[in-house]
Amino acid sequence: MTEATAPDHGPLTGVRVVELAGIGPGPFAAMLLADLGADVVRVDRPGGPGLGIDPARDITNRNKRSVVVDLKTSDGVKHVLDLAGRADILIEGYRPGVAERLGVGPEDCLAHNPRLVYGRMTGWGQEGPLADRAGHDIGYIAVTGALGMTGEPGRPPVAPANLLGDYAGGSLYLVVGVLAALHHARATGAGQVVDAAIVDGTAHLTSMIHGMLAAGVWQDRRGANLLDGGCPYYGTYETADGAYMAVGALEPRFYAEFLRLLDLPGLEGAHADVTRWPDLRARVAERFASRTRDAWTAVFEGTDACVAPVLSLREAPHHPHLAARSTFTDHAGITQPAPAPRFSATPATVRTGPARPGADTEDVARDWGVPGLVSPPSNPQRKASS
């Protein structure tokens, strides 16, 4: 048994996953399953990765194994169906209808394995007016209302990288979906298709805000609310060295501690009076601008004022709390986030670095019982439908 399939590597040890290679949320979802112990076989296409990232540094392919299959050949389709027949979960991120045209759609795969959970990751979903259209994270979160909540009033919304749509609204919902469907499959013997659309997941993330909107405690405009930067004691402030501090002193006792440490007397009631918010914001901004980020970090260290320094990606692994928890880890010379969440009985680890395309073909062929992966092709002729 290889390292990737050795026991006790997380709560999903023994679960087999086929990932049809793509970009964005699909690979990240498969990485999460792999981090939790699943044996994830990534089916890479000939020609290399779509985004041109060095495969040795693509962390989203850690803890996986890779085979290279040309799905535009009949042999390639057969290999994928053979893998699907031995898998618990299959993940694909093509536009609707593409997997079907290739011959590896849900109907084809479930015919080989009725217990299979077939996870589909798209931006717009499998149906609807935009289902066949191209798109990216920023467009998906735009139409859900989520993007419109970010940034300052009177200025353009701020794009939160691709974290909110691709990964939060996409990958995480796909993982929840396929694991829920896997539970059902193991209880009933029946697999099913999971349609994970980024627009659906991102909209779902705004549930609390919609409740606040219905209750009349949220204004449907940017930078005017408690949690969107409109509140002067929930936001960010520039320091003397051009860095920033993040403030989240929402509750009265935390707010009181915040004012004490900033040395701002006379503003105790300002948090509850929106007419005083402009003055409060100006006073707080002036105080933060008087010292460096490190100086203010020292002031608030170990307190309940709910203030933290805004760190860069390279700085974050060195934060004392994150370092103590080993929130980041180093593997094969790459600093990266450690697997999350944590489990008391079945801890997850970074077992292997990013899978190199095709490097694990022989091991997968042996472990999954698909010898054709390494056998000479019996029918190299390309499919007419391709």
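Helices here are DSSP runs of H or I with at least four residues, strands are runs of E with at least two, and both are numbered from the N terminus. With that numbering, select proline 371: this residue sits in the segment after α13. The model is predicted.

**Stop 1: proline 371**

Colour proline 371 by accessibility. Its relative accessible area is 54%, so proline 371 counts as exposed.

**Stop 2: the whole chain**

Zoom out. The protein chain holds 13 helices and eleven strands. Its C-alpha trace spans about 80 × 45 × 40 Å along the principal axes. Of the 386 residues, 44% count as buried.

Next, show contacts. Among those with a separation of 6 or more, 68% link residues 24 or more positions apart.

Colour by charge. There are 35 positive and 43 negative charges, and their mean positions lie 2 Å apart.

**Stop 3**

Side chains of opposite charge can pair when their charged atoms come close. How many salt bridges does a search of the whole structure find? The count is 16.

Select lysine 64 and glutamate 19. They form a salt bridge, with the closest N and O atoms 2.8 Å apart. Lysine 64 belongs to strand β3 (residues 64–68) and glutamate 19 to strand β1 (residues 16–20), so this pair ties together parts 45 residues apart in sequence. Are the two partners buried or exposed? Buried means under 20% relative accessible area. Lysine 64 has 3%, so it counts as buried. Glutamate 19 has 1%, and is therefore buried too.

Step along to arginine 65. Its side chain meets that of aspartate 367 in a salt bridge, 2.7 Å from N to O. Aspartate 367 lies in helix α13 and arginine 65 in strand β3, so the pair ties together parts that are 302 residues apart in sequence. Arginine 65 is buried, at 3% relative accessible area.

**Stop 4**

Go to helix α9. Glutamate 257 and arginine 260 both lie in this helix, three residues apart, about one turn. A salt bridge joins glutamate 257 to arginine 260, the closest N and O atoms being 3.0 Å apart. Arginine 260 has 55% relative accessibility and counts as exposed.

Then select Asp39, Arg65, Asp363, Arg366 and Asp367 together. Salt bridges with shared partners join these residues into one network.

**Stop 5: backbone geometry**

Where does aspartate 263 lie? The loop between α9 (252–262) and α10 (277–288) holds it. Aspartate 263 is exposed, with 53% relative accessible area.

Cysteine 306 also calls for a look. Its phi is near 60°, a positive value in a residue other than glycine. Cysteine 306 sits in the loop between α11 (293–300) and β9 (307–309). At 34% relative accessibility, cysteine 306 is partly exposed.

Now check omega at alanine 340 and proline 341. A cis peptide bond joins them, with omega about -5°. Proline 341 is in the loop between β11 (334–337) and α13 (361–367).

**Stop 6: serine 171**

Select helix α6 (residues 163–188) and find serine 171 in it. Serine 171 is buried, with a relative accessible area of 0%. Leaving aside residues up to four places away in sequence, serine 171 touches Pro25, Phe28, Ala29, Met121 and Asp166.

**Stop 7: a nonpolar patch**

Which residues make the nonpolar patch of about 330 Å²? Select Met208, Leu226, Leu227 and Tyr234. Leucine 226 is in the loop between α8 (207–214) and β7 (234–238). Its relative accessible area is 34%, so leucine 226 counts as partly exposed.

Conventions
Residues numbered from 1 in each chain as written. Predicted model: local features only at pLDDT ≥ 70, side-chain atom pairs only at ≥ 80, totals over all residues. Heavy atoms only, no water. Patch = residues over 30% accessible without salt bridge, like charges linked within 9 Å, V, L, I, M, F, W, Y side chains within 5 Å. Areas by Shrake-Rupley, 256 points an atom, 1.4 Å probe, with all protein chains shown as cover. Salt bridge = Lys/Arg side-chain N within 4 Å of Asp/Glu carboxyl O. Buried < 20%, exposed > 50% of the residue type's maximum accessible area, 1.4 Å probe, protein only. Contact = heavy atoms within 4.5 Å. Lys, Arg positive; Asp, Glu negative; His and termini not counted. Charge placed at Lys NZ, Arg CZ, Asp CG, Glu CD.
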